[in-house]
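Let's work through some "how do you know" questions together. Take a look at the sequence and the structure first.

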Amino acid sequence: MTTQSCKTALMAAGLSMALVAPSFAETVLIYGEPGPNRGARSEATQWFADQVAEKSGGDLRLDINWGGALFSEKAAVQSLRDGVADLGSVIGVYFPQDMVAYGIADLPMNNPDPWVGMKATDDLMRNNESIKANLAAQNLVYVGTYTTSAVQMGCKGPAVKTVDDIAGKKVRGVGAYGQTFRDMGANLVDMSVYEAYQGLESGLIDCTQTYSYLVKALKFDEVFDSYTFIDWGQIGALGIMMNKSMFDALTPEEQDVIMTAGEGLADEFGRIIGQANDESIKMLEDEGKEIVRFSDEDREKLTEAGQKYLDEWAGRADAAGLDGQALLQEYRDLIAKYTSEKDEQGYPWERG
């Protein structure tokens, strides 16, 4: 029987075609991304979107709007609260009060491993009830996390080989890390990492706080004479938040898809950024750049100098109705937990 004859027979039987036509229940979620569609993080974001589509059997799909098409990085939280996008990327440093809980991942503590840092941050943000309530009050749900990887320093001119060498340097730094460099005698210069190339080239700055994967991405090898591994902490309050009203409107199965894909982000981005970091360092080595590593003693001096910023954060967390010192201890315990897992089992992508 032909398709047309089937339609005729059904109509003759008084049946609506709507009752027999296949049903497509695809839900499209709008994702706002302030950054461009290139680099390690964009690769991981696309992976997240692909996982959502795959795990939902095509019922959920993300429409990613790159390059700040929906909102800038400094408008992300309000835009997600208001439903300008259903979910999207948030950089915590721009929202010290709204993202105070997430800001724990930006603090200068002994937390240099990207995967360990992401797993500890993800565990805390996903499972701590007080943090979940804090975000829910803002109409937000935490989904998954990225990281910059460990804080390092690239310089044009003489290398920073010890903490004492920081004094007198014109340094681009951000957050508590930049403030600690200033406390150690640096002349802190306010500029974005994307402006640092020109700043180094023109002499406006001597050094920049940076992260290894950015060396290749931003062509810093062209202006760096030296690269110092500080391996201190990382900027980890960088991840995906979702509008809670939209999240609550999804079925439990769909919510599970979103959260499962978000939880997997730490493993996938850990793999991606580890490879990107290695490629950047090899490039610097091949070009004969001076590579320096801080001693444990110098790193401890920085950690001690940065302690006041942990205390300051704890005070802001308390003011937001959270227990700052308890969260710091829980975070340290999670860092220790995932460090032990890495040491005993290796990274997930290496376990076969």
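The questions and answers below set values against definitions.

Q: What kind of model is this, and how are its residues numbered?
A: This is a predicted model, in which local features need pLDDT of at least 70, side-chain atom pairs count only at pLDDT 80 or more, and totals for chains, interfaces and linings use all residues. Residues are numbered from 1 along each chain as its sequence is written, and side-chain values use heavy atoms, with hydrogens and water left out.

Q: How many helices and strands are there in the protein chain?
A: The protein chain has 12 helices and 11 strands. Both are DSSP runs numbered from the N terminus: helices are H or I with at least four residues, strands are E with at least two. Along the principal axes, the C-alpha atoms fill a box of roughly 90 × 45 × 40 Å.

Q: Why is cysteine 155 called buried?
A: Its relative accessible area is 0%. Buried means under 20%, exposed means over 50%, and partly exposed lies in between (1.4 Å probe, protein chains only). The value 0% falls under the cut-off, so cysteine 155 is buried. Cysteine 207 also has 0%, so it is buried too. Of the 352 residues of the protein chain, 49% count as buried.

Q: How do you know that cysteine 155 and cysteine 207 form a disulfide?
A: Their sulfur atoms are 2.1 Å apart, and a disulfide is a pair of cysteine sulfur atoms within 2.5 Å. The structure holds one disulfide. It links distant parts of the chain, with cysteine 155 in strand 5 (residues 152–155) and cysteine 207 in strand 8 (residues 207–210), 52 residues apart.

Q: What is the handedness of the disulfide of cysteine 155 and cysteine 207, and why?
A: The torsion about the S-S bond is about 105°, so this disulfide is right-handed.

Q: What makes a set of residues a nonpolar core?
A: The members are buried Ala, Val, Leu, Ile, Met, Phe, Trp, Tyr and Cys residues joined through side-chain atoms within 4.5 Å. The largest such core here has 65 residues, and Phe48, Leu62 and Ile258 touch the most other members. Helix 10 (residues 252–286) gives the most to this core, with 13 residues. Apart from it lies another core of 37 residues, including Ala120 and Leu328.

Q: Which residues does phenylalanine 48 touch?
A: Setting aside residues up to four places away in sequence, the residues that phenylalanine 48 touches include Tyr31, Leu62, Ile258 and Leu265. Contact here means heavy atoms within 4.5 Å.

Q: How do you know that the span of helix 10 agrees with its number of residues?
A: The expected span is 1.5 Å times one less than the number of residues. For the 35 residues of helix 10 this should be 51 Å, and the end C-alpha atoms are 51 Å apart, so the two agree.

Q: Where is the kink in helix 10 centred?
A: The kink, of about 35°, is centred on leucine 265. The bend at a residue is the angle between axes fitted to the seven residues ending there and the seven starting there. Just after helix 10, glycine 288 takes a positive phi of about 75°.

Q: Why is the pair of tryptophan 115 and tyrosine 338 called edge-to-face?
A: Rings of Phe, Tyr and Trp (its six-membered ring) pair if their centres lie within 6.5 Å; planes under 30 degrees apart count as stacked, over 60 as edge-to-face and the rest as tilted. The whole structure has 10 aromatic pairs. In this one the centres are 6.1 Å apart and the planes at 90°, so the pair is edge-to-face. Tryptophan 115 lies in helix 4 (residues 114–127) and tyrosine 338 in helix 12 (residues 324–345), so the pair ties together parts 223 residues apart in sequence.

Q: Why is the pair of phenylalanine 181 and tryptophan 232 called tilted?
A: The centres are 5.8 Å apart and the planes at 55°, so the pair is tilted. Phenylalanine 181 is buried, with a relative accessible area of 0%, and tryptophan 232 counts as buried at 0% as well.

Q: Why does glycine 185 count as partly exposed?
A: Its relative accessibility is 32%, so glycine 185 counts as partly exposed. Glycine 185 sits in the loop between helix 6 and strand 7 (187–189).
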